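Here's a quick walk through one protein chain, from the overall layout down to a few single residues. Have your viewer open and follow along.

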Amino acid sequence: MDEYRRECLAIDVAGSIRSGRVIEVLSHLISKRGAPLSLRSDNGPELVSKALLKWATRESLDLALIEPGKPWQNGLNASFNGKFRDECLSVEWFRCRAEARVVIEEWRRHYNSVRPHSSLNNMSPEHFCRQYGKNLNRRKSLKNWVVRSFPVGHSLSHHAVVNLLNLTHIIY
């Protein structure tokens, strides 16, 4: 998530996601969009690994780790998780990972291009960027990315098909 633009930058669906995959996804985003000022994340093992910490240092990224038991330090992400669960995961039945990837990517694009956000004056992130993008300095604006990983089986246990497919983590 881009905290300023409220844009979901990526959702990666896989059987397991380790720090190497997190680095790969973030590197790809940085090559396309430029580097954020900081990365905010929880303390999941794939997000606090030595490899990720070394990579973030090489990329000159500040890390803002959320303290355990303090979800309000990442309210945007908690809100996004709820919307993602309610609007996508709770209404879909994934028969395989490939289908999950396609459906989740379609939802992500809708979230960015169509769905209004109250924090953006009821504009979609895409519309907000088109309207105000010329005035947003990529490096100097409030540009922080939220990186989050959660075990699908724990947070979304009522999604039996997701559990059966072992879609263990989703990062965004």
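## About the model

This is a predicted model, so local features need pLDDT of at least 70 and side-chain atom pairs count only at pLDDT 80 or more, while totals for chains, interfaces and linings use all residues. Residues are numbered from 1 along each chain as its sequence is written, and side-chain values use heavy atoms, with hydrogens and water left out.

## Overall layout

The protein chain has 7 helices and 6 strands; these are DSSP runs numbered from the N terminus, with helices being H or I of at least four residues and strands being E of at least two. Read from the N terminus, the order is β-α-β-α-β-α-α-α-β-β-α-α-β.

Of the 172 residues, 46% are buried, where buried means under 20% relative accessible area, exposed means over 50%, and partly exposed is in between (1.4 Å probe, protein chains only). Take contacts (heavy atoms within 4.5 Å) between residues at least 6 apart in sequence: 69% of them join residues at least 24 apart. The chain exposes about 9200 Å², and carbon and sulfur atoms supply 52% of that; areas come from the Shrake-Rupley method with a 1.4 Å probe, and for residues only the protein chains shown count as cover.

## Two cores

A nonpolar core here is a set of buried Ala, Val, Leu, Ile, Met, Phe, Trp, Tyr and Cys residues joined through side-chain atoms within 4.5 Å. The largest has 16 residues, and those with the most contacts inside it include Val-22, Leu-26 and Trp-55. Helices H1 (19-33) and H2 (50-58) are the elements giving two or more residues to this core, and H1 gives the most, with 6 residues.

A second, separate core has 15 residues, including Phe-80, Phe-84, Cys-88 and Trp-107.

## Helix H4

The buried residues of H4 include Ala-100, Val-103, Ile-104 and Trp-107, plus Arg-108 and Asn-112. Among the elements covering them are strand S1 (12-14), helix H3 (75-89) and helix H5 (125-132).

## Two residues up close

Ser-19 sits in helix H1 and counts as buried because its relative accessibility is 16%. Leaving aside residues up to four places away in sequence, Ser-19 touches Glu-46, Ser-49 and Ala-51.

Leu-65 is found in strand S3 (residues 62-65), and its relative accessible area of 40% makes Leu-65 partly exposed.
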